Amino acid sequence: MNKNKFYVTTPIYYATAKPHLGSLYSTLLADVSARWNRLQGKKVFFLTGTDEHGQKIAQAAQKAGLEPKLFVDSFIEPYRRIWKQYHLDYTYFIRTTDPEHIKAVQTWLLDLQKKGEIYKSNYEGWYCTPCETFLTDKDFKAEGSQAPICPSCGRSTSFVSEESYFFKLSKYQDRLLEFFKKNPNFVVPKERLNEVVNFVESGLKDLCISRTTVQWGIKFPDDEQHVAYVWADALLNYVTAIGYLNDTKKTDFELWWPADLQVMGKDILRFHAIYWPAFLMASDLPMPKQLLVHGWIKINQQKMSKSFGNVVDPELLYNAYGADAVRYYLVSQMAITQDAEFSLEALERHISTDLANDLGNLLNRMVTLSIKNGLLETPIISNWSADSENLKLESLAMIKEYSDYMDKCHYHMALSTLWKFISKVNGYFHAQEPWKIKDKEKFTEVISATTHSLKTIGILLWPVMPTKTMELLDSIGIEEIIGGNRIEKLLDEGWNSKFVLKQFPPLFQKIDPQVSAESVLGQIKKEPEITVPETKNIDITDFAKVELVVGTIEECETVQKSDKLLKLQVNFGDKGKRQILSGVRKSFAPEDLIGRQAIFVYNLAPRSMMGLESHGMMLSAVNAEGKLEIIKPEHPVINGTQLK
Ligand code: ME8
């Protein structure tokens, strides 16, 4: 196994809106882990992307009046733009509508079928569309005929009854429990594994992995009525992105799989800790090494979520505070073990104290003082004072403790350790009072010890604040930090560097809480996630003005030079026949419509289109696939019947 590689993934986010602070947070944790491993000289693959199939997407697209593919396409640029703003340096962005992914999922389904891992049966039960989840018996208490509430999102579910393929999940119950027992560190934080074990111990049922009442998805290769259940499709992204079942990418796949770290929120733990490992077992693939499962960012005690409409737009924060400050705040203030309340006031306070004061000022004062005293380049120091030696030892101990936390993904603890050290360096600098030192050698030694400390801080902090730390390092003459194992080097090389000092503008500005938080908060509050068009009420007399009449389309032909229009001859019974033009040519051929009943607006004023008269309008609606459906009575009625 190649120990010098690191493969990290994020959840693939539903492409129903631009990213919010929650999606940014998971991607940021993955980026921090990727950079931490790069810093240790590892070759890194960092995967992120979007989940683009399934009922939830189809419904959202329908609501937006767009075809699902056009709908999901519209969010890709915002994802890429915001990830770039925040320096989320991913290797590959997968979309589940990518042809390569679709092909691999279909091959995988065929493989499972051949191996007897899936079978066809009927599914009846409750489904939560926002979570794309089939509720299990354990998820709800049956209360009469009432639809149960989804335990994950708290919303109402709907009853589903359809033919379905089932994956033999129950067969993996013992193997999964065995795996959890042997790998107690599979989930970080450890405690979250308990709930998974309890769930599996209480019995696993086979998992429904196809839908026939949803069309927007990956079709089963030999049974096109069925589309893959969106979670089966989505989970596969972690392997299809690196070349699984793609003959031209075999070596890539062998290099990168298994994943070293899979980052996600606790809402989707069950999918990743039970279904995903079982899929891998059925496919004879190794397990991912670790899942990093974090809590939720909350607003007023409620989970920040697209569907609750309380999301914070990362772009607003980026414009107001810059990427690194927000990165630092999220990583340092959100313990991965817990949910955490997002607060602009806290963000600003930490920018002012931790970043502007503790870190930025230290660098600024040291460089300004040094340059003022004509010391532009510090030499190698051979005799350190006891205080400086002490600081050096503190620095070495801190590097070890920091690394330990970073390796365990306890990033907030790592930062807390680092800030204790920053405070010690500040204490050292103050206690030495270099502005009073007359002895040049002594002065140089204090500046050098402070600079060595800042070098360590800059390198260790790079995974969290990749641009500000490079500015910091640049101002002490370090331009490059990637190459070899930088952490080992920090531990081994000791304090024997020379530094060229350069004055730069302050790394961070203090923020006046009165002025800033309020203006940014105002924008956040003012920006609703979805703008629902206002509905204008009409009264019954307005409605009575519209004559909706049923007719049968007896003839239908295309209209020359129009790629939209079809010309219909419609029989309205006693009311006679009429010519009606309809803009449905992209969805229907003339033969699709001949003989069908439909509903028409009968008293619409005649209109002329492409030189032809139209005396009415056929009613249609966009379905979940973005295709047009002709509206007709459920059972045939007499032509000319008016709707009431
Ligand atoms: O679940 N706090 O996509 P999704 C922290 N497509 N993290 C949050 C968060 C919050 N308030 N809200 C969302 C899906 N997240 C599936 C995943 S993976 C094969 C398929 C983050 O768009 C967190 O990582 O609903 C959570 O698990 C994920 O976004 C859910 O994103």
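## Two cis peptide bonds

Pro258 sits in the loop between helix H9 (250-256) and strand S12, where helices (H or I, at least four residues) and strands (E, at least two) are DSSP runs numbered from the N terminus. The peptide bond that leads from Trp257 to Pro258 is cis, and its omega is near 5 degrees. Another cis bond joins Val188 and Pro189, with omega about -5 degrees. Pro189 belongs to the loop between strand S7 (187-188) and helix H6 (191-201).

This is a predicted model, in which local features need pLDDT of at least 70 and side-chain atom pairs count only at pLDDT 80 or more, while totals for chains, interfaces and linings use all residues. Residues are numbered from 1 along each chain as its sequence is written, and side-chain values use heavy atoms, with hydrogens and water left out.

## The chain as a whole

The chain has 21 helices and 27 strands. Its C-alpha atoms fill a box of roughly 110 × 55 × 50 Å along the principal axes. Of its 644 residues, 54% count as buried; buried means under 20% relative accessible area, exposed over 50%, and partly exposed in between (1.4 Å probe, protein chains only).

The chain exposes about 29,700 Å², of which carbon and sulfur atoms supply 51%. Accessible areas come from the Shrake-Rupley method with a 1.4 Å probe, and for residues only the protein chains shown count as cover. Among contacts (heavy atoms within 4.5 Å) between residues at least 6 apart in sequence, 75% join residues at least 24 apart.

## The ligand and its shell

The ligand is surrounded by 25 residues, and the closest are Ile12, Ser26, Asp51, Ile297 and Met304. A residue is near a molecule if one of its heavy atoms lies within 4 Å of it. By class, the shell has 13 nonpolar, eight polar and four charged residues. Here Ala, Val, Leu, Ile, Met, Phe, Trp, Tyr, Cys and Pro count as nonpolar, Asp, Glu, Lys and Arg as charged, and the others, Gly among them, as polar. Strand S1 (5-14) gives the largest share of the shell, four residues. Elements that each supply at least two residues include helix H1 (21-39) and strand S12 (261-265).

A nitrogen atom of the ligand lies 2.8 Å from a backbone N or O atom of Ile297, and for Gly22 the distance from a backbone N or O atom to a ligand nitrogen is 3.4 Å. A polar backbone atom of Tyr14 is 3.0 Å from an oxygen atom of the ligand. The protein covers 95% of the 670 Å² of accessible area that the ligand has on its own.

## Nonpolar cores

A nonpolar core is a set of buried Ala, Val, Leu, Ile, Met, Phe, Trp, Tyr and Cys residues joined through side-chain atoms within 4.5 Å. The largest one holds 180 residues, and Phe167, Ile209, Trp257 and Phe342 touch the most other members. Helix H13 (residues 344-372) gives the most to this core, twelve residues. A second, separate core has 16 residues, among them Leu566 and Ile630.

## Positive phi values

Glu132, in the loop between strand S4 (118-128) and strand S5 (133-134), has a positive phi near 50 degrees although it is not glycine. Glu132 is buried, at 1% relative accessible area. Asp284 also has a positive phi, about 55 degrees, but counts as exposed at 61% relative accessibility.

Definitions and conventions: A polar contact is a pair of N or O atoms within 3.5 Å; within protein, one must be able to donate a hydrogen and the other to accept it, and residues adjacent in sequence count only if both atoms are side-chain atoms.
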